Every structure is written in structure tokens, then in C-alpha cells.
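Thanks for coming. Please have a look at the structure on the screen, and I will then go through a few points in it.

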Amino acid sequence: MGRLGQAILLLDLAVCIYGVVASIYGARTHRTDWVDSGRRAVYALAALSVIAFAVLEVAFLRNDFSFKVVADTSSTTIPTFYKLTAPWSSQQGSLLLWVTLSSIWSSLVLFVTRRRLRDIAPYATAVLLGMAGFFAALASFSANPFDTTSPAMTPSQGAGLDPLLMHPSMMFHPPMLYSGYTLMAIPFAFAIGALISGNLGSEWIRDTRRFALGAWLFLGVGIILGARWSYTELGWGGYWGWDAVENAALMPWLMITAFIHSIQIQEKRGMLKVWNVSLVLTAGTLAIFGTFLVRSGVLDSIHAFGASTLGVPFVILLGIMFFGSIGLVLWRRESLKTEHRIDSLLSREAMFLLQNLVLVAMVFVIFWITLFPLISEAITGTKVSVGPPAFTPFVVPLAIVLVLLAGIGPMISWRRATVSNLRKHFVFPVSFGLLVTLLLILFTDADRKPFALVMFGAASFLIASVAQEMYRGTSARRAMTRDFWPVAFVALIRRNRRRYGGYIAHLGLAVLMIGVAASSSFQHSRNATLRPGQSVSVDGNIFHYVRPTAVVTSEKISFGAVIDVTKNGKQVALLHTDQGFYPSTNTAQDGIIGRFFDSANADSTIGLDAGPLRDIWTVAAANLQPLLPLINKGNKLFADDYNATLKQVLKLPKSEQSNALNSDLTKSDYWVYRDAAVQDIANQYTKHAYPIQFLLIISPLVSWLWVGAIILAIGGLIAMWPAPLAIRRRSLSVYRSRVAREIS
Amino acid sequence: MDYVIVIVLVLGVILLVSSPLRRPSDPTAVGDDGSPVQKSGEWIDIEAARDAKYRELRDAELDHQTGKLSDADFEAIDSTLRAEAIELLRRLDALDEHEAE
């Protein structure tokens, strides 16, 4: 099967090269047969990549440890669910996933546009195949997921999946991120196609808008799933650490957010062509830059694959994308001149432009601070690491302005707005925002964190502005149709999905930012070392360590703690947190018993009581120090026994030794005694009152972050979903007939 | 077995990507000078601009209905947009006549 996978990867590469050549030849000679052939190469690539990925999945499901990647990242003891997700936990498997997703999305866009964009699509096809070919080449020659070992060297057991990756989010987080990144290549490729062909109207934007929105949606969902994973798995209590890889995903997301807003100005007014092309080219380049950070190992990150040799090819690709993009924009600068100018600074166009500038400024700040360790290393020779404090002074004020603009934009009409109309629309949202701020100052201690307080006010203003827009729109609809409120509301959204989907996304942004501001500014946390029966107080909540727990399964040994949380004498929550120890494969170093207690192979399960107003979050680090003498004693006893059996076996012919060793050990119940010893040592943990170190956190409104993200995604889905054909036709025909009447 | 699968895949790919090249060329798809005879790029651009103009008309109407545009502003914007839409329709008609010739 390994050879089959390797052959398919080479075939992938050949198809990419052929498709690039056929597409460009077809475009230059106006030969539609060659253009069609190039497009079909993308379909072929998708089919081949899906088959290759299926081969890899089957190898994981069958525990085929002759595949190096299966032996390195899986084992017979991990649940089937995680065997299915293990392929993308490695550099090799994730490269193949990239090629697969990229080819599927590329096939979709080229199928949808097969009868349109005839001058742009061939160049876009070449770009898409070029990028897919790059990843296929890396998978073929640098990090091949189908590399195998000889039967003699094939291990009977794999090293297992990194315990930190055994989390439900990991099923969806990487495919979502990669879908976002690969979808981002689509508007990028069509922008390149538009620049090369010189067809710089809005047609390519219209046809790729949904793919840009798809990139925004998938990348956003991927980022949030990553944040959720960090919050519930990494054991530090946070969801965003301004880590290089987190930032690498956030930057293209912010850029594509700017793009999906500003393209509306080009579609409506023919303005901002240079800006839009630059945004989408930058977003595409940043997506590859993010991939470079994850795969090259140039920056330290818990999300990265570690050191690799892929850095140089990525730098070359980034150079081609960056300088090629600049060259194309300069070449077409005359054709990119704007058709109109902004009529008024009090218009939605002006607000969109301002919002775009804020988003780009955020990307600029995040980019340079993320790269600061590399810059400092280049200049001083020392890699200076920077953390959240370096980002927040810049990003927080910009985020507040962004939230305010998200509230202002929907209340202003296109082209122009009058002061009296603005007054009429702003009275309620501004009053609501100010009222919330005032109430927070009067009844809470929110004023001790001024930025958070301003964010609460700004987000309240945004929520009120969206609510007002929904109300006014529904009222206008009711005035025409006399429908009931809910019917009119649903009809309003159905008929104006793009507009009201966007407003719902803004609402999600407000809810999310309230969660972020509250949880990051008003979190109470405490590190405490407790013995069973001891208590500690955090923000008025008493955390009482009730008892330790120990559970031994074939998969792992979990050492945990039961914690009773009370407030004012009443129980608030009964939490259980544990640390799971997965057996290591390094018996030589860890010992026959010690390999079951290897802290380098452990993950944490947090104790969480999530609520609408606050989360109670706990984690405990199992204290195995007192068990070490027992573990060492067990290592020695079992090693002696093993060596004695081995000594007898070595007297036999070489071909019989392996089977004889296994047979003798099984006959003497060696493995049964070993498992009993492990169980006994684990039981000691619950019989003694060992002190344990806890991290205890009370964090307000964290749930708002997840709920806000869900609302944001629903808004994006509504904006992306095409209106039924009948509604579109009816809607256009109304205006067509009105205009036609005037002609006659 | 692996070799057989690879050969089948290679043949499948060759068949798929070469099928447009094996078809007799479509005389309606490409003109004598090599340019496509279907709707021209300019026609498609203007059609896209026309549809965008209709959407803009609808947005202006919604802005007016929700009170974001005063009656006077709406009248001015609506008439401007309709004039622009009419101009686009005329250009489309002219292109249709030109392509018919």
C-alpha cells in the first residue's frame, strides 16, 4: 500500500505540472480544449488525492506500522476516533491533507465557473495547480506520508499519538484551518488571473465572493476550535496566547474580513480596485506565511510541527507570491484606476474603508510583533520572546474602534447620509451603550479596567445598532406585506441574506468581544498546593480538595482530584480533574514499570463548571514524586526477571529466540504480574494524602466567547448561502421592469 | 496488485484530461481568429455591472424604507442609479446588435 500511495503522489505532481502547462497554453492560444483539459487536471488531482488520503487512513485504521508515519503517531491502544484524525497530526499527513482539500475546493470553483471567466479561469487554474503541485512535491520528496520500513524493522507497536492531540476539537480543527487556508488560495488565484488577463472588472469578485466567505468562515471556525482546545486541554486556563501559529491564522482571517467588506464597494461603485486586489493577494500570501511558520520550525510554538527542512522551499514560494503580486499590480496600475470617488465621508463606503484600515493596522501590528523574535535574533543574535503584553496595547484600542465601526456602518446608507438621519439612527444605540457603561460603573468594579469598560460600552452600542436595524427592516417589511413579526423577520433575512447575515455576524462579534474583554480583564486565578481535606479561596469561592482518584485502563493511567467548590456555604460545583499518563515506548530509558508513569507522555483533563456568567476552571498536576521509589523498585525487579528469561532464550537458535521469549514470559505470567504491579503502584496514590499542585481559576463570561463565535459563524453562513433562484429572479425582475419602463 | 491499481489510475487520468483534446473542436466555441464567439468579456462585464446596479437600487430602497435615506436623498440616488442602469442596458443592446451582425 505504501508503494501505491507514493505512486499516487508522483502522479499528483505530474498532473499538476501538466495542468499548469495546458492551462497557460490554452489561455495564450485561446484554445478552449486545452483550457478544459487543464481544468480536468484539477478534477483528476482531487480524485487522486482523495484516494491517496483514503490509503493513508486505512493504514492508520489497520495499525499498519510498516508506514513510518503510522508507527510515529499512532498505536493499537488509541481509540478509533483518534486513529482517523492522527494522519494530520504529522507533517507528512497534513501536507497530503492540504493537497486533498486544495484540490477539492479548486475543483468546486472551476466547476462553478466553467462557463464564465473564460479569460481569467485558465490562469487561476495554473496558479491553483502550481500551489497544489508545490505541496505535492513537498509530500513526495521531503515529508512523504507513504514512507515505509522493511518487514524486519516494522515495530509491533506504534509510539502513539501526542496525548495533547487526543481532544475532540482535533477532529475538526486542522481540517477547518486547512480548508480556510486552501479556500483563501481561490480568490488569490483569480486575482492573479484577473491581473494577467487584464479583465479587472467585478466579475471575478462576484464569482469568488462565496469562496472568500468560505475561507473566512472555515478559518474562523478553525481558530475558535483551536482556542477551545487550548482552553480545555493545554492546562494553562487561557484560550489565546498570542502564539506565533495562532497569530499566523488570525492575520489572513483579519485580511479576508477586510476583503469581504471592501469588495462590496467595488461591486457597487467600481472603487478600490487596487486596494481589493492588494488585500486578497496579501491574504493569500499570509495564508502561506502561516503555513511556513507551522512547518518550518523557525518560531517556537506548541501548535507547530517542530524543526524541519521545509523552510527554504516555503521562503522561495513566499518570495514568488510576494514579489509576483507586487509586480502584477504595478503592471496593471492604469487599469486598476478607480471609476468613482467616495461621495461623502458620511457614507457606508467611508465606514468600510475606515474599518479596512483598522483591520490592516491590526495585521501590521501582529505581523511585526510576531516576527520580533526573528528580527531580534538577526540583529543581536538572541531570540527575544514576546508575549501577550506586547500585543495588547496596540490590538485592544484597535479592536474597540473596530467594534464601534461595526455598529456605525450598518446605520449609514450607501453614497451619502444626512446629519438629521444620523441623529435619528444613533440616538438609541448610543444611549444604550452609554447606559450600559454607566450601570457597570455604578454597580460593578468594571471601571478599574478602563479598556474593558469601553469595550463593554462599544459592544452594547453595536448590539443595539444591530437590534435597531433588524427592527426597522422587519417593520418596513411588515408595512408592505402585513405579515406577522416572526414571518416578516425571517422573510427579511431570506431576501437580504448578504446584508442581514452580515449584521448577525456583527452581533456575534459584539458578544464575542464582551466575552474576551471580561474574561481577560477580570479573571481570578490562584496556584495552590493542597492535601486532601485542605481548602483555598479564589474570588469568594472556596475550593476544597476532597480526595485523590486513580484509574488504570489499557490506554492510560489517570491520577485525579475531586474538588468541592462552595460559595457562602452553598455548593456551587463538584469538579473532577485528572492527568492521564500514556505508556511511553521508550522502555530502555523509562523502565518496564516507569514507562507507565512518564510525565512527558501525559495530558490534562480540566475540571470545568461553565455557566453564562462565569466559568470555574481547575487543573491538577499529579504528584508522582512519592511513588518514584516504588516505580524504581518495580523497574529493577521486572528487568532482572526479564533478563533472566532472556539469558535462557539466547541459548536457543537465533530464529527461535523471539517466539521463545514471548512464550516464556507469557507462560510465567510476567505480563500479568507487571500489570498488577502497575495497578498496585497507582492504588498507592489514593491511599496516601500526597500534596498536589492546583491551578484554580474563576473567569467571567467565557461562555460568551463561544456563543459569540457560533453567532458569528451563523451570520457568515447566512451571508454565504445563495438566495433561492426564484427570489433572485423575482428581485432582479422588479428592478429590470422599473428601469425598462423608463427606457420606453 | 499495487501496480495494477496504479496503471488503472494512470489510464483514468489520461482519459479524463485528454477528453477535451480528443473531441472534435466546437466551431461555436472558437472563432476564425481564435477568439471565443460566445458572449464577449465586455458583455459579461456589463451584465455583471447591470445586476450590481439592480442590487444597489434594492439596497437604496431598503435604506429608504428603514429611514436611513430621506425622501429627497432617495429620490436623487434612485434617479441616478436608474439612469446608470439604463445606460448599461443600452450598452448591452448595442453589443447584442454588434455581435448579431
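Is A:L117 buried or exposed? One thing to keep in mind before the answer: this is a predicted model. A:L117 is buried, because 26 other C-beta atoms lie within 10 Å, and the cut-off for buried is 20 or more. As for its place in the chain, A:L117 sits in the loop between α5 (91-112) and α6 (121-141) of chain A. Its backbone deserves a remark too. Most residues other than glycine have a negative phi. A:L117 is not a glycine, yet its phi is positive, about 50°.

Now to another loop. A:N568 is also not a glycine, and its phi is positive, near 55°. This residue belongs to the loop between β4 (557-567) and β5 (570-581) of chain A. Is A:N568 buried or exposed? A:N568 counts as exposed, because it has 8 C-beta neighbours inside 10 Å, and the cut-off for exposed is 12 or fewer.

Last, the contact between the chains. How many residues does each chain put in? Chain A contributes 50 residues and chain B contributes 45 residues. On the side of chain A that touches chain B, the elements giving two or more residues include α1 (2-29), α2 (32-61), α8 (203-233) and α9 (244-269) of chain A. Further along, α14 (419-443), α15 (450-481) and α23 (725-743) of chain A are also among them. The element that gives the most to this side is α2(A), with 9 residues. By type, the residues on this side of chain A are 19 nonpolar, 14 polar and 17 charged.

Notes:
Residues are numbered from 1 along each chain as its sequence is written. Chains are lettered from A and ligands numbered from 1 in the order in which they are written. This is a predicted model: local features need pLDDT of at least 70, side-chain atom pairs count only at pLDDT 80 or more; totals for chains, interfaces and linings use all residues. Two residues are in contact if their C-beta atoms, placed from the backbone, lie within 7 Å. Helices (H or I, at least four residues) and strands (E, at least two) are DSSP runs, numbered from the N terminus. Ala, Val, Leu, Ile, Met, Phe, Trp, Tyr, Cys and Pro count as nonpolar, Asp, Glu, Lys and Arg as charged, and the others, Gly among them, as polar.
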